[in-house]
Amino acid sequence: MPEISDLHYITQDHVKDFSHAQLAEVACQGGVKWVQLRTKNAYEKDWELHASQTQAVCKKYGAKFIINDNPTLAKALKADGVHLGKTDMDPAEAREILGKGFIIGGTANDFEDILRLADANVDYIGLGPFRFTQTKEKLSPVLGLEGYQKIMDQCRINNIHIPVIAIGGIKPEDINGILKTGIHGIAVASAINLAENKQESAARYIETLEKAALS
């Protein structure tokens, strides 16, 4: 199994005065080591440009580079992997395209999703949302700490040990409670991307995760 970071940073569209690569740069300056490029409804050439520019930033800082919903582009650029939403390509099909050397993550909203992704042998699972967030359209039912605990208990009972990443409106003060459920780490987008000081926000998440891991 590849090493999965405990902080997954996700770029997003339409952040004023910042391209995807520029967002990744300030996040990496804050210590981020895992960057997922998430752009929706982009033309193919624009997607390729965003990807190549963001990948260059990741290489500069030694960060993993994950592309959302585009296994073909990930293979062409030799990215580290892909993340697939519930309505994206089936992970098994993506594995056929990419082969064994790439990381594949999938999105889950309940335990049934986790079972499906475990059967597909994904490398990690993004589980959410933790709370309401405007980052994603068509938001699934909010899970909260109680929902995470229930699902992680089901994972343990069913001997599922794939790293699970919490996502959806997570604040630094939520991290301790989330990790206590058995969650491996968290994913963050707008809390970094829309912060006045993006680098400082990224660093705060990393510092909080490090302290939580020691407690």
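**Helix cover, cores and backbone details in a predicted model**

Q: In this predicted model, how many of the 10 residues of α1 are buried?
A: Buried here means under 20% relative accessible area, and by that cut-off the residues H20, A21, L23, A24, E25, V26, A27 and C28 of α1 qualify. The helix is thus mostly covered, and the number of its 10 residues that are buried is eight.

Q: Which elements are included in what covers the buried residues of α1?
A: Among the buried residues of α1 are L23, V26 and C28, and the cover over the buried residues of this helix comes from both strands and helices. The elements included in that cover are β1, β2, α2, α8 (190–193) and α9 (198–214).

Q: Which residue with a positive phi follows α1?
A: The residue that follows α1 has a phi near 110°, which is a positive value. The residue in question is G31.

Q: Is Q55 buried or exposed?
A: Q55 is found in helix α2, and leaving aside its neighbours within four places in sequence, Q55 is in contact with F65, L77, K78 and A79. Because the relative accessibility of Q55 is 9%, and the cut-off for burial is under 20%, Q55 counts as buried.

Q: Which residues have the most contacts inside the largest nonpolar core?
A: The largest nonpolar core has 58 residues. Three of its residues have the most contacts inside the core, and they are I114, L127 and I186.

Q: With which residues is I114 in contact, leaving aside its neighbours within four places in sequence?
A: I114 belongs to those residues with the most contacts inside the largest nonpolar core. With its neighbours within four places in sequence left aside, the residues in contact with I114 are A108, I125, L127, I151, C155 and I160.

Q: Which residue is joined to P129 by a cis peptide bond?
A: P129 has its place in the loop between β6 (124–127) and α6 (144–157). The omega of the cis peptide bond is about 5°, and the residue that this bond joins to P129 is G128.

Q: What is the relative accessible area of H14?
A: H14 has its place in the loop between β1 (7–10) and α1 (20–29), and its phi is near 60°, a positive value in a residue other than glycine. Exposed means over 50%, and H14 is exposed because its relative accessible area is 81%.

Q: Where is the place of N41?
A: The phi of N41 is near 60°, a positive value in a residue other than glycine, and N41 is exposed, with a relative accessible area of 81%. The place of N41 is in the loop between β2 (34–37) and α2 (44–61).

Q: What is the radius of gyration of the protein?
A: The protein has nine helices and eight strands, and its C-alpha trace spans about 45 × 40 × 30 Å along the principal axes. Because the protein has 215 residues, a compact globule would have a radius of gyration near 17 Å, and the value for the protein agrees with this, being 16 Å.

Note on methods: Residues numbered from 1 in each chain as written. Predicted model: local features only at pLDDT ≥ 70, side-chain atom pairs only at ≥ 80, totals over all residues. Heavy atoms only, no water. Helix = DSSP H or I, 4+ residues; strand = E, 2+ residues; numbered from the N terminus. Buried < 20%, exposed > 50% of the residue type's maximum accessible area, 1.4 Å probe, protein only. Core = buried A, V, L, I, M, F, W, Y, C linked by side-chain atoms within 4.5 Å. Contact = heavy atoms within 4.5 Å. Rg over C-alpha atoms; globule rule 2.2 N^0.38 Å.
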